[in-house]
Amino acid sequence: MLKKTHLVYLPLIGVLGSVAMLHAADQPKSGEQIYQEQCARCHGAQGEGVKEEYSQPLQRRHSLDELRKIIDETMPADHPEACVGEDANRVAQFVFDTIYVRNDSLRPRVELSRLTVRQYANSVTDLLGGFLGQKWPDDKRGLQARYFKEHGFGGDKLAFERTDAKVEFDFADKSPDPEKIGSEEFAIRWQGGVIAEETGEYEFIVRTENGTRLWVNDPEKPLVDASVRSGDEKDHRGSIRLIAGRVYYLRLEYFKFKDKTASVALEWQTPRRARQTIPERNLTPGRFPYCFVLQSPFPPDDSSMGYERGTAVSAEWNAAQAKAALEVARFVVSSADRLAGTKEDAPDRAARWKDLCYRFAERAFRRPLDAEQRAACVDRHWEGKDPQTAMRNTILVTLMSPQFLYPDLGSGECDDFTVAARLAIALWDSLPDDALREAAANGQLRSEDQVSAQVRRMLQDPRTKTKVRSFFHKWLPMERLADISRDKERFPGFDPLVVADLRTSLDLFLDEVAWGGHSDFRQLLLADDLFLNDRLSKFYASEPINGPAFQKVKVSSVQRAGILTHPCLMTGLAYYNASSPIHRGVFLARSVLGRTLKAPPIAVSPIDEGVNPDMTTRERVSSQTSPPVCQSCHGMINALGFTLESYDAVGRFRELEKGRKVDATGSYRTLAGEETRFENARQLAEYLANSPEVHRAFVQQLFQYMVAQPVNAYGVDRLDQFTDRFTQSQFQIPPLLVDILTVSALHKHSKENSS
Amino acid sequence: MNTAKSRREFLRDLGISAAAIPFVLNLPSIALAEAAPRKQRLVIMFSPNGIVPPNFWPDETGEAFKLKDILTPLAPYRSRMLMLQGISNKVRGDGDNHMRGMGCLLTGIELFPGNVQGGSHTPAGWASGLSIDQEIARFLQSRPDKQTRFGSLEFGIGVPDRADPWTRLVYAGPNKPVAPEMDPYQMLAKLYGQAQDGESLRSVLDEVRSDLEKVRGKISAEDRRVLEEHETFVRAMEQDLQRDAQTPQPARPPEIEAGVKNNNDNLPKLSQMQIDLLVHSFVADFARVATLQITNSVGNAHMRWLGIEEGHHELSHHPDSQTESQEKLVKINRWYCEQLAYLAKRLQETPDPSGSGTLLDNTTIVWTNELGKGNSHTLDNIPFVLVGNGLGFRMGRAEKYDNVPHNRLLIAMAHAMGHPIETFGNRELSKDGPLSGLT
């Protein structure tokens, strides 16, 4: 074996090589020698990497066995046959024992991070929520409705009350209830909360030919005021920014008076979904307090690692946080009496205001103030200043302080308050709530059991669900669905409302897998049911469903397998008029299997379908990626992506493409070199659901999204430990979150300086 | 000249910036203009995904050139425009052509290696140097007689809300991309923001700074770097506010339409609003350098207002043989050209407040792109169309160069703005000095 290798290698390395070889023939070379001769050129003499060759340092990423296999089969990259068998074993041993150990010090560390954009917004909402009052919705849905006999809302005119699932009525020239109300004039008031699932600008539209006013979030100031009807305009609009996962005050007043007909609908256009009647699941009865929503924009965070992180600051960010602090300060000053629980003429008003300042800073800093902080943050500004100026400056100093902006800064030690701060940031992107603050104050966040118990409590909070959902949206590249359009001739009926419903369908599925009674990660890949409503059942030709509410429908397990074949994802990973096996394959390789893909060596634009209209998509992609230089990655990408060829550019199942039977066979070869073949998407799903590579990749991505730090900064074996326990728990997601959160919150960050 | 100069120095000693002088002296600005050199201004406008060469480049060179259909909106400015063909972005290194086309366009220097992967080639990070607009702005700010409140302004139109090498054109330094302001309302607030806010901030910043200093001691050396950087931004903010407080606002804020949302279908409206604000900021002498970034590299605007459903980037990949797509691309590029024409028109009809002619007489707009051509992804023949007389180039002609590095044009722009730098960006590519034949 050794001899043969050298014979092949000899002509390639020329004279110098042959001298070395003569020596080697007598005595086998050490792993280090082989490394220096064959590997150092690209990986550097110390495994530090070589610019323009392989620039990444060699770090502990593989087991010894894996290393052996990789070196044996693929290294050196230009002549994989030059180092095999015993040579490969020795190099692997050397890399494992020496290079890895040396490079362990290059391991990523937990970096000091400022609040991300999302964390800043949620933190100020909850900070002020502590004074404004906060309430989360229960399981009831719809709005409380009060029907009045006249066009005013006087209590004595109340005819009856009920709950309406949504607001979408056409009374024509009739009464809402002829037995209790006349048809000439009447009024209705709907009240409750509206649940926002996305962050961004919402447009609310009241559609009516009668009079109306709508309040959203702010009970004082109507968002839409069309109590005077004027012209033929039936759509009355108002825009407002809302942040995801929260419920906002809503009141709609509507009346008929002197009009021939009556109808009313409450619609919205959310940041990412088409205009539609606000669905029942986004409405809840009850009364909700005002919720402060930050309007100031921030520059987007760096998310190049797959999660938003705040490890860098810039002049733009600094200006943005100053503006945000000004915005909050303006609000606090203008609502100070309400927040401080006092009145303009109260004798102790100034003292109450000052007390509000202490409490504000304490919540913002996530720990009690020491004497110095009380003096610097609050007292100093109250000397000889009017209360407005004093209050404004206190709020500004508090929010611009590193103690607020860098949540892990704490007191410099990892104490109970630090643990509380970390838990709230990682699970909620926000500040500790009262229960957490209390636990920290009582010294009850020290042991793993104590912290795990807190995490389990916090998992029930809607903010956790919002964060986990946003993780899924990042993991599944949902941003690809933004502003999507499809060839209208080829996909008639595929309109923005179908896209909106697809998003909802996927969200319902993700929530169920994560939080349902039988949370099991594998179901993400295996489930053979889909959430469908009337519109989707029609478009995707399943058994008919009545009404816009979603129902879980069993589908053919040959045709569907969890997220992999979910029409939402299949549509996102496709082109204007064709499927895209490459996008699908890259998603499977990178996101699901956690594989690193090398960069494409040459720039290629997809061949247009028109060039050879008879080719199937599979044939087109195969032909374009056939050069050997492409195949090193596309061998894997295509073979994975092709298994999803049974789903067209809008995610419909198909057996034929261009009149020919779709070939959805594919294969996958693990890092360790084991190859598996698949007949279709279902077989792929079965394989992935049981693949340790997939479990590990999922755990890593979930950890990093939640904690916003690299997982190996928490220990070389950390990822393996999490993955093992995840496997033992039968892949339940909530215990995995408990594990991740407990370990990361209690972690003692190294403070040593590494030069 | 002498009188004007000594007056300026006197006022500066009192802490009043040059921009405010005409107002303080309560003089008609014309009185100063006779003595002062003209105020040169530069706007760089970007649109993405390459152009359609046969419908863009003229067949003739020299003064006899004819406008191809993409450029027809510039007909009224034909005698004041200059088309430069044969200028190539020769910067190589990491990043795919879209990334380098963008990140090296105004910087003329390689991207750092990084972890952002394009559609091909190696992954890359941000550009490793500052962009020419920032270089020029920095020079102007270093000269008391050329100083303005902002130095430069960065306008964006339809730039997606994410930071990556495809969305960032302007760099304040290596690894320092500058986010363009996409929201006209925020830009309005920046230009004419409330003095009260500045006053409040000014009263707390020294405390914020000492707070940052205090916590630095508690953390590791690597982490300290972030806080130190944070502190320098706080200090810079203090200085800006100081300057601000001393500058009376010389122009009334413009009226802009309320409630226009930042979305794809509003691009025409947003573009007009941003251009109007840009012109206002020149009138007020808030800055003499501006960038106007329409979407981003690989920008995928859906120009439904032109009856085009597909995204621009998607279409730009279609082959030359697909005439229908090419016609759409011509329309799309003509729309970008219309934005340029609107800016030129607004500058042309606005008298220069310093007294000499119109703003267009003292402003040059440079329209450029990250690629030469969309479906080939070439960085050769990058479009450069100049309009207006700010740089003092000889206008009214089309010039053809023989594949010269674009660094030389960047250098020539700095020279024309009175800043004679020897090289810019990559040294090797700059070695032949400023591009010749421009004046």
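**Figure 1. Strands β17 and β18 of chain A form an antiparallel pair joined by 4 bridges.** In this predicted model, strand β17(A) covers residues 666–669 and strand β18(A) covers residues 675–678. Within the pair, G666(A) stands opposite F678(A) of β18(A). The hairpin has 5 residues between its strands, and G673(A) adopts a positive phi near 95 degrees. In a regular strand, side chains alternate between the two faces of the sheet.

**Figure 2. Helices α20 and α22 of chain A pack at an angle of about 105 degrees.** Two packed helices are described by the angle between their axes and by the distance between those axes. Here helix α20(A) spans residues 581–592, helix α22(A) spans residues 628–641, and the axes are 7 Å apart. The angle makes α20(A) roughly perpendicular to α22(A), because values from 65 to 115 degrees count as such. From α20(A), the contact draws on P581(A), I582(A), R584(A), G585(A), V586(A), L588(A) and A589(A). From α22(A), the contributing residues are M636(A), I637(A), N638(A), L640(A) and G641(A). Sorted by class, the contact of α20(A) with α22(A) contains 8 nonpolar, 3 polar and 1 charged residues.

**Figure 3. Helices α2 and α4 of chain A cross at roughly 95 degrees.** The axes of α2(A), residues 31–43, and α4(A), residues 85–103, come within 8 Å. Helix α2(A) is therefore roughly perpendicular to α4(A). On the α2(A) side, the residues that take part are G31(A), E32(A), I34(A), Y35(A) and C39(A). They meet D87(A), R90(A), V91(A), Q93(A), F94(A) and V95(A) of α4(A). The residues of this contact divide into 6 nonpolar, 2 polar and 3 charged.

**Figure 4. Residue Q46 of chain A lies in the loop between α2 and α3.** Helix α3(A), at the end of this loop, covers residues 64–74. Is Q46(A) buried, partly exposed or exposed? Q46(A) is partly exposed, with 13 other C-beta atoms within 10 Å. Apart from its neighbours within four places in sequence, Q46(A) is in contact with I99(A) and R102(A). Q46(A) and L58(A) are separated by 12 residues in sequence, and their C-alpha atoms are 8.9 Å apart.

**Figure 5. An open sheet of 7 strands in chain B has mixed pairing.** Strands of a sheet pair through backbone hydrogen bonds, either parallel or antiparallel. The strand order is β5-β8-β1-β9-β10-β2-β11. Strands β5(B), residues 151–157, and β11(B), residues 397–405, stand at the edges; each has a single partner strand, so one side of each is left without a neighbour in the sheet. From one strand to the next, the twist averages 15 degrees. The bridge partner of V366(B) in β10(B) is L386(B). Helix α9(B), residues 267–283, lies across β1, β5, β8 and β9 of chain B and runs at about 170 degrees to β5(B).

**Figure 6. Chain B meets chain A through 53 of its residues.** These residues of chain B are in contact with 41 residues of chain A. Which elements give two or more residues to the side of chain B that touches chain A? They are β3 (111–116), α7 (195–216) and α8 (221–246) of chain B. By class, this side of chain B has 19 nonpolar, 20 polar and 14 charged residues. For the complex, the predictor gives an ipTM of 0.82 and a pTM of 0.72.

**Figure 7. Chain B contains 13 helices and 11 strands.** Of its 439 residues, 50% count as buried. Among the contacts in chain B with a separation of 6 or more, 68% join residues 24 or more positions apart. The average pLDDT of chain B is 88, and 89% of its residues score at least 70. Over residues 1–34 of chain B the pLDDT stays under 50, and the model has 44 contacts beyond four places in sequence for this stretch. In chain A, the mean pLDDT is 89, and 94% of the residues reach 70 or more. Residues 1–24 of chain A have a pLDDT below 50, with 21 contacts in the model beyond near neighbours in sequence. Where pLDDT is low, the predicted coordinates should not be read in detail.

Definitions and conventions: Residues numbered from 1 in each chain as written. Chains lettered and ligands numbered in written order. Predicted model: local features only at pLDDT ≥ 70, side-chain atom pairs only at ≥ 80, totals over all residues. Pairing = 2+ DSSP bridges. Axes fitted to C-alpha atoms, helices over the stretch in contact; angles between N-to-C directions. Contact = placed C-beta atoms within 7 Å. Nonpolar A, V, L, I, M, F, W, Y, C, P; charged D, E, K, R; others polar. Buried ≥ 20, exposed ≤ 12 C-beta atoms within 10 Å, placed from the backbone. Parallel < 35°, antiparallel > 145°, perpendicular 65-115°, else oblique. pLDDT = per-residue confidence, 0-100.
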